[in-house]
Amino acid sequence: LFRCINGTTELQEKAIEIPTENVLESSIVAIKGAHREDGYILGTCMKSRRLRVVLKEGKGDEAQLVACLHAHKVAQILQNTTSSSEETLSGVVSIILSAKEYVQHDWPKLRHNLSKAGWRIDYNVICSGEWRLMPYDQSSVDSTIHLRQRRPRGSGTYSHRSWLLFRCINGTTELQEKAIEIPTENVLESSIVAIKGAHREDGYILGTCMKSRRLRVVLKEGKGDEAQLVACLHAHKVAQILQNTTSSSEETLSGVVSIILSAKEYVQHDWPKLRHNLSKAGWRIDYNVICSGEWRLMPYDQSSVDSTIHLRQRRPRGSGTYSHRSWLLFRCING
């Protein structure tokens, strides 16, 4: 689903590769062979468009971190590739295998830096004292991983620390602590007022949780699919701006709220045409379950192109199997 040079938004069906038995078998053999000496196996699920990791028996945090580094590098390559290799199983497997050399080069230095920062990687729970590692956020910089830790303070509250793990110009990998803003009561109150005021006429409220670094949507009572789709479009635009910003605005509550408010004009401009195209393609958005006949919308994948959303649908075929359709929603050069 994309925007054309002439300013219109188009909906176009996209083919999905179904790998043959020979391709599946040769891919499994290649993946298992490449990870013979490792504490993990990194593979891919083409149906969900996700990388998958399995730790080998008896392996702990070190194998998990190496697997994360490997998966991160593969995701980077897939995001930056302009070929169709990410659309085929053999293409993704080839990238997984070739990315191993980066991991073998980077891990020793990274291991040293983690140890120097007080991280014990010989445990089965990643920690430094009482600190626990939380799921990482992809930074706006391709060569950076954003790690966050927290430890309990009692009464269900936590202390937080944040780290940037990044590749330097000279090719080394560094670990650097990053400050976390704790918003004041006044900032919290003014942000809530601004968000609620901006969404007065909408069927949803889009906000943010600074602790988890996630956007959050609440649908208003009685609102259904249309409100949900508009909220998704709004959240997607905000995420785009946050990914591409080079300022520190994404690090503060007021900065993120400001981006949420400013992104509304894009939504108001894009939604009418998008609504028309969805309707033309057979999507009923007056339901409370997004569908077109028996087709059901699945969670969208962020495409490798910043201005593209990858939508997937499925419908039951019986015996627990499904038919799949895939769509690209994107913005063209002409805006």
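A search of the whole structure finds 0 disulfides, where a disulfide is a pair of cysteine sulfur atoms within 2.5 Å. This is a predicted model: local features need pLDDT of at least 70, side-chain atom pairs count only at pLDDT 80 or more, and totals for chains, interfaces and linings use all residues. Residues are numbered from 1 along each chain as its sequence is written, and side-chain values use heavy atoms, leaving out hydrogens and water.

Buried means under 20% relative accessible area, exposed over 50%, and partly exposed in between (1.4 Å probe, protein chains only).

| Residue | Relative accessible area | Class |
|---|---|---|
| Cys45 | 26% | partly exposed |
| Cys209 | 26% | partly exposed |
| His199 | 0% | buried |

His199 lies in the loop between helix H5 (185-198) and strand E11 (204-209). Helices (H or I, at least four residues) and strands (E, at least two) are DSSP runs, numbered from the N terminus. Leaving aside residues up to four places away in sequence, His199 touches Tyr204, Ile205, Leu206, Lys220, His234 and Ile260. Contact means heavy atoms within 4.5 Å.

Now the helix pair. Helix H2 (residues 61-80) packs against helix H3 (residues 89-98) at about 130°, with axes 9 Å apart. Axes are lines fitted to C-alpha atoms, for helices over the stretch in contact, and angles run from 0 to 180 degrees between N-to-C directions. H2 is therefore oblique to H3; angles under 35 degrees count as roughly parallel, over 145 as roughly antiparallel, 65 to 115 as roughly perpendicular and the rest as oblique. From H2, His70, Val74, Ile77 and Leu78 meet Val92, Ile95 and Ile96 of H3.
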